Amino acid sequence: MKPTHIEHIGIAVENIEKAIEFYENTFGLKCYAIEEVKDQKVKTAFFMVGQTKIELLESTDPEGPIGKFIEKKGEGIHHIAFAVKGIEEKLPELEKKGVRLIDANPRKGAEGLDIAFLHPKSTFGVLTEICENKNNK
Ligand code: ZN
């Protein structure tokens, strides 16, 4: 189970338009995609930084995971995502090592990635995602 790189860092924001403006004007990064993930009740915006992305997350529903996160903790880093190869095999592998899985099976995330979340209780408080890009294979 060795990730190939940090695929993205997810950041919960209250206002994605303002946050996009900040990343573009302050860091000179270009937002290359905005996508709504209905299933997760979020709007996402992506910036490339080297081979890692910044994923801004704005809730589209106060009852969604990002809405609840912001209510509890405020804006900030929401999760870190490791790119892996063979995500289906990695999940049972992690479970065997005692990691609590939020997703026992991969599901579709933004950008068509196969994603699965690990419970922060077993990852030192960091919501951790593993993901695999099977689109451009
Ligand atoms: Zn993510």
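Contact here means heavy atoms within 4.5 Å, and buried means under 20% relative accessible area, exposed over 50%, and partly exposed in between, with a 1.4 Å probe and protein chains only. Helices (H or I, at least four residues) and strands (E, at least two) are DSSP runs numbered from the N terminus.

The residues in question are Ile-16, Ala-19, Ile-20 and Tyr-23. Viewed down the axis of α1, they fall within an arc of 105°, so they line one face of the helix; the arc is that of the directions from the helix axis to the C-beta atoms. On the face turned away from this buried side are the exposed residues Lys-18 and Asn-25.

## Basis of the model

The model is predicted: local features need pLDDT of at least 70, side-chain atom pairs count only at pLDDT 80 or more, and totals for chains, interfaces and linings use all residues. Residues are numbered from 1 along each chain as its sequence is written, and side-chain values use heavy atoms, with hydrogens and water left out.

## Length and ends of α1

Helix α1 covers residues 16-27, 12 residues in total, and reaches 16 Å from its first C-alpha to its last. This is close to the expected 16 Å at 1.5 Å a residue, where the expected span is 1.5 Å times one less than the number of residues.

At the start of α1, a side-chain oxygen of Asn-15 comes to within 3.0 Å of the backbone nitrogen of Glu-17. After the helix comes Gly-28, with a positive phi near 70°.

## Helix α3

In α3 (residues 87-96) the buried residues are Ile-87, Lys-90, Leu-91 and Leu-94. Seen down the axis of α3, they lie within an arc of 105°, so they line one face of the helix. They pack against β7 (114-118) and β8 (128-132). Just after α3, Gly-98 has a positive phi of about 95°.

## The chain overall

The chain has 3 helices and 8 strands, in the order β-α-β-β-β-α-β-α-β-β-β from the N terminus. Buried residues account for 42% of its 137 residues. Among contacts between residues at least 6 apart in sequence, 52% join residues at least 24 apart. The C-alpha trace spans about 45 × 35 × 25 Å along its principal axes.

Key:
A polar contact is a pair of N or O atoms within 3.5 Å; within protein, one must be able to donate a hydrogen and the other to accept it, and residues adjacent in sequence count only if both atoms are side-chain atoms.
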